[in-house]
Amino acid sequence: MKVKNSFKYSVPVIIAALLMAMVFGCTEKLDAPFEDETFTSDVDYSNGENMVLPLLGAYHGLYTRGWEEPLTLGIRGDDVNAAGDQVPMQEQDEFKYFPSQWNLNALWQGHYNDIVNVFTAMDEIEKYRPAANNDALADQYLAECRVIRSYLYLNLARAFGGCIVIDELDNIQNTPLSNKAEVMQYIVEEMDEVIPNLPGVNPNKRPDIPGGITSYTAYALQALAYQELEDYQGVADATSEIISSGEYQLADDFYHLFKKAGKLDDEIILEFQFSDFDQGEGDRFGHNFSPFGIGGWTPKVEGAGAGWGFYEPTMKYIKFMLDRGETVRLETSVVFTPDGITEVQNEYGEIPEWITNTNREGDVFNNNARLNFASGKFIQPSTELIPGRTGFGSNKNLIVIRYSEILLMYSEALTRGASGNSSLSADDAVNLVRARAGLTDLTDVSTQDVLDEKLAELGTEWGIRYYDMVRTENTAELSHAGKTFTMDKAYFPFPADQIAELPQLEEGID
Amino acid sequence: MVSEEDFFQGVDLIEYLKLRGGWGQLGNDKIARQDGANTTNPVYLAIDDTQVNGSVTTSTFGYLGWETVTGTNVGLTAEMFDGRLSIESDYYVRDTENAAIPVSLKLQAGSVLRNVGTIRNQGLEMVLNWKGKISSDFSYTIGANFSTLKNEVLDLYGQSYINGGSAEFRQRSQVGEPLMSFYGYEVEGIYQNQSEIDNDPIASANGLVPGDFKFRDQDSNDELNDDDKVFLGSYIPTFNYGGSLGLTYKNIDFSMNIMGQAGNKILNRKRGEIIWTNDTNIDADLADGLWNGEGTSNKYPSASGLRRGWNQNFSDYLLEDGAFFRIQNVQLGYNLKGAELIGEGMPDARIYFTAERPLTLFKYNGFNPEVPNGIDRQFYPVPAVYTLGLNLKF
């Protein structure tokens, strides 16, 4: 009984004591962080060699593009049709835009993820700076980050007609919208600042990061920004730097530039690098090329994965190329199916005999419900797969900016009255590109000649054609195959979701 | 203790009545310590066909502190009719301060949890039990319980709303609304014919065709934009209920449990996924109910409409009533007393038949109305389990 009694009396006392303890002890506890919480990261910044890690993290962000991004940027031109079952892409191909289209938001967020990533990478590089004890290298890394960032802004502004240029990460809500011209001006100025800190070599000559950013990547972005601003002297100046450096050469073999042999070619100014690391299984770092591929192919290498068939060169482009007597550039850019060949014969007439539905490597492209033509620049022959790998395009790089584009931008600027700073004339620059394609020289090239050359050379790549037609307000060219383009359709609307988050987007661009 | 007060002594029907009141505060540490906090993660990439390492540092801060829950409740416990009826009832108000709410990142994809609000849960809980005996051989118990729940965001520390969910299927927390309510357009109907399109400025401006959704123009300004989005419901059920029935007659016993909920919405993302690929299967109700000419449907768009961007705006077309009723289990048993029946030394035995979840009733066009956080991205149907058993006791 005694035990029970003492228990009976002590319980209320203990409870009361616990309650008191709660009142005095607990309130503080509720505000404190968790016991084993470490709010700062454990990164060791004393090892200066690791300064390259955040930089490579920024490259990682740049290279890892969603499959929908190059498509969304590329489908609106008269060189490409959206094919397959992607409704928003088909709508956009017909210049029907809705802020709710998912790929617009994905494009926007995908780019901003990597822009924000660049900001944090730059912070991290600064943290390593003291230990690295190499200010020039730290400055170079920061400059590379800013080039990556500018490339992403360039895409956004060309696609949406403007974007938010982030000043501080925690001030996005209050950062005003910049229109396209303002973004381009920002890129021009950024590149001016970073160029002195970057190595002046072809990217493939960088020993530390082969294929990385160099000063000529920055000049190329600057030239593209000037071009959007229609500041053709600016274009001529920036492209002249690239041309007169002597660091770049057009690849002799146009076809293989877009294949395995073209990785880190002298012609390439910017490419996203991917690899299977020469092993049949295990780690790989790749881009999803499937949307460029075709569903029904009979690959030379049995078991090679098929594609999705979302990206189709247009009949208009094919006729244009046939009219010009193009050979290797047509072969490289367009993959024909039997139905496609019949369609061309019906619509165009006789076509050269070399056009078949089999590529050089022996892959056979069969009839396909989604498309009659596929985009060869993005299709890796099955024979280039490392044995053991079957993913479509596994091990293929994605080329972004080529020297031929620079030559043609230079040439166009000169035809518009700008003066060049290199030994090349407008004719010379165009004829270099034509010679590689097996075409004869032109004389007294006009702006139109150059724009045509750009279409032939750069067709299906990254919306380059579309931007040219928007810049020159050539609504007639973009209105093809029953689609009607007007200048108010030049830019995608801001994604609905972004407008909801950021009131400054509501007004749209001026 | 009301039933022991003097004034209560004359009340015969109620043997026991206690009124309760309580207040308490507790910290909820059942949340992640941090969410998307500043972390540095290794990544690898390919440089010149060589695998190299890099690091990516996140910029999203979500240092999470404890949530503080302040609860107040009043309730009563009573027994009546010779102990046959017992009642337990509580009305509660629980305020969660520093509630961790998912906040959408600006410009980027994703969201991060932050302690940014105060949320109130209030409702009435009631449990009733009735024990009865019809004869010495036959007794029964009936139990019922229900609870109501009103979830409301009280404060977001100065922000008018916080977006959550994914971009395509927006959820929003706003003061005065339940947490993470679905937010989008309200479907008014389907455009039935061309003249309806021609007479509607929104339809003509967007190039719509018959068979497309007509979304409600909430502010009647003949433009459909963000201002026309409204709260479309919450995934949080407002009413939960359950019940039990037990019968014992001689050696036979029977029991059954039921449960259910109501007042919640389910986001049928299985229908929504069509925005990414046309290859998904569609459910029977949608397939059979598609608009295919004037007057055929005012609820579902045409087959081609399903695949047009306009109709893929997030709307209450994708939200369905999440109410369900389920028989959770039923058991029928028969007890055999071996010693009495057959003789000394024989074991006792019990034969029983159990049905687990034999029946679930719901209107929702998915396989299972119980989906976490109200978002159905493909859940398998709940299996019914039937068991026939024999227990022997030696």
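Reader: In β21(B), which residue is the bridge partner of B:Leu267?
Author: The model is predicted. Strand β17 and strand β21 (residues 375-376) of chain B pair in the parallel sense over two bridges; a strand here is a DSSP run of E with at least two residues, numbered from the N terminus, and pairing needs at least two DSSP bridges. Within β21(B), B:Leu267 has as its partner B:Ile375.

Reader: What pLDDT do local features need?
Author: Residues are numbered from 1 along each chain as its sequence is written, chains are lettered from A and ligands numbered from 1 in the order in which they are written, and side-chain values use heavy atoms, with hydrogens and water left out. In this predicted model, totals for chains, interfaces and linings use all residues, side-chain atom pairs count only at pLDDT 80 or more, and local features need pLDDT of at least 70.

Reader: Do β17 and β18 of chain B run parallel or antiparallel?
Author: In general, strands of a sheet pair through backbone hydrogen bonds, in either sense. Here B:Lys265 stands opposite B:Asp321, and B:Ile266 has B:Glu320 as its bridge partner in β18(B). Three bridges join β17 (residues 265-268) to β18 (residues 319-321), and the two run antiparallel.

Reader: Which strands are the edge strands of that sheet?
Author: Three strands of chain B form an open sheet with mixed pairing, in the order β18-β17-β21. An edge strand pairs on one side only, and that picks out β18 and β21 of chain B.

Reader: Which element gives the largest share of the nonpolar patch?
Author: β19 (324-336), β20 (348-362) and β22 (385-393) of chain B each give two or more residues. The largest share, four residues, comes from β22(B).

Reader: How many cavities of 30 Å³ or more does the search find?
Author: Rolling a probe the size of a water molecule over the atoms shows where empty space is left. On a 1 Å grid over the protein atoms alone, a cavity is a set of points where a 1.4 Å probe fits but cannot get out; a pocket is an open set with protein on both sides within 12 Å along at least five of seven lines; lining residues have an atom within 4 Å of a point. Points are joined across faces, edges and corners, and volume is the space filled by probe spheres set on them. Over the whole structure, the cavity count is nine.

Reader: Which element gives the most to the lining of the largest cavity?
Author: This cavity has a volume of about 270 Å³. Its lining has 21 residues, with A:Ala496, A:Asp497, B:Ala167, B:Glu168 and B:Lys229 nearest the centre. α5 (102-132) and α19 (496-501) of chain A and β10 (169-174) of chain B each supply at least two; helices are DSSP runs of H or I with at least four residues. With three residues, the top contributor is α19(A).

Reader: How many nonpolar residues are in the lining of the largest pocket?
Author: The pocket holds about 1,200 Å³ of space. Of its 43 lining residues, A:Tyr97, A:Phe98, A:Pro99, A:Pro493 and B:Asn206 are closest to the centre. Ala, Val, Leu, Ile, Met, Phe, Trp, Tyr, Cys and Pro count as nonpolar, Asp, Glu, Lys and Arg as charged, the others, Gly among them, as polar. The lining has 14 charged, seven polar and, as nonpolar, 22.

Reader: How far apart in sequence are the parts that A:Arg158 and A:Glu228 tie together?
Author: The two form a salt bridge, with the closest N and O atoms 3.5 Å apart; the rule asks for a Lys or Arg side-chain nitrogen within 4 Å of an Asp or Glu carboxyl oxygen. A:Arg158 lies in α6 (residues 135-160) and A:Glu228 in α8 (residues 215-228), so the pair ties together parts of chain A whose separation in sequence is 70 residues.
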